[in-house]
Amino acid sequence: MGVENGVQPFPRPACWGNGKQVIFDNRSDAGRQLAAKLSAYAASGARVLALPRGGVPVGYEVARALHAPLDVFVVRKIGAPGREELAIGAIASGGLRVLHDETIAALGVEPAVVDAITQRELLEVKRREDAYRGGLPAPDVKDHTVILVDDGLATGASMHAAVLALRKRAPKRIVVAVPVAPADTCLMLEPYVDDLVVLATPHPFRGVGAWYGDFSQISDEEVRTLLRDSRFPVGPA
């Protein structure tokens, strides 16, 4: 991966917080810290796409600081039957699916079951796109730098699907920017992106929420409000 406008690629510092469990007060705080590491992209014509729901408050602060437009890029995890928290793949806007074949084989999940879960999640992708955008079209990202933002990565399945789907729309560059992620997930994603900005890669990881003081669930209405406010900003960042 190259360096654009002075923004350095991964690796990042191993961990912020000097051993303390809480690194970020909340998603807004994480977004402001992340924006500081992306300042070279300010007023560059970049587009910020956030993975809802949790990535939207983070992306809002990034977009505001960079004077960039904000939109959502919807990705849904394909969860294992009976263990929905365990990702066996993901599906993104545009219908692109990424599967973890080794996990599927190890669990013995039949292809028909994977397809059924995929169809259900595809309907949810469409519902969320309609709900969040209110009928507005998806942003044109062709020949633009796109900054994909989430509140953190665990397995990276959702972000991986987002990157692969976004490549089909011919952006100039894809930058993945997250506050926290395990190092092995960063290494998995690195070959697929042009830049990877991660503030902390703590070990042991313990999950994304472990590194936030407030990791409350974000509602659809909060997502709509942040998207609306990003289109009609109340003042300078």
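Tyr-212 is buried, at a relative accessible area of 4% (buried is under 20%, exposed over 50%, partly exposed in between, with a 1.4 Å probe and protein chains only). The model is predicted, so local features need pLDDT of at least 70 and side-chain atom pairs pLDDT 80 or more, while totals for chains, interfaces and linings use all residues. Residues are numbered from 1 along each chain as its sequence is written, and side-chain values use heavy atoms, without hydrogens or water.

The whole structure holds two aromatic pairs (ring centres within 6.5 Å; planes under 30 degrees apart are stacked, over 60 edge-to-face, the rest tilted). Phe-24 and Tyr-212 have ring centres 5.4 Å apart and planes at 45°, so this pair is tilted. The pair links distant parts of the chain, 188 residues apart. Phe-24 lies in the segment before α1 (27-37), Tyr-212 in the loop between β8 (195-200) and α7. Phe-24 is buried too.

Tyr-212 also pairs with Phe-215: centres 5.1 Å apart, planes at 40°, so tilted. Phe-215 is partly exposed, at 34% relative accessibility. The ring pairs join Phe-24, Tyr-212 and Phe-215 into a cluster. Over the ring of Phe-215 sits the charged end of Arg-27, 4.2 Å from the ring centre (the cut-offs are NZ of Lys or CZ of Arg within 6 Å of the centre and within 35 degrees of the ring normal).

Now the helices. α4 (residues 111-133) and α7 (residues 220-231) pack at about 50°, with axes 8 Å apart. α4 and α7 are therefore oblique to each other (under 35 degrees is roughly parallel, over 145 roughly antiparallel, 65 to 115 roughly perpendicular, the rest oblique). Arg-127, Ala-131, Tyr-132 and Arg-133 of α4 make the contact with Asp-220, Val-223, Arg-224, Leu-227 and Arg-231 of α7 (heavy atoms within 4.5 Å).

Conventions. Axes fitted to C-alpha atoms, helices over the stretch in contact; angles between N-to-C directions. Helix = DSSP H or I, 4+ residues; strand = E, 2+ residues; numbered from the N terminus. Phe/Tyr/Trp six-rings, centres within 6.5 Å; stacked < 30°, edge-to-face > 60°.
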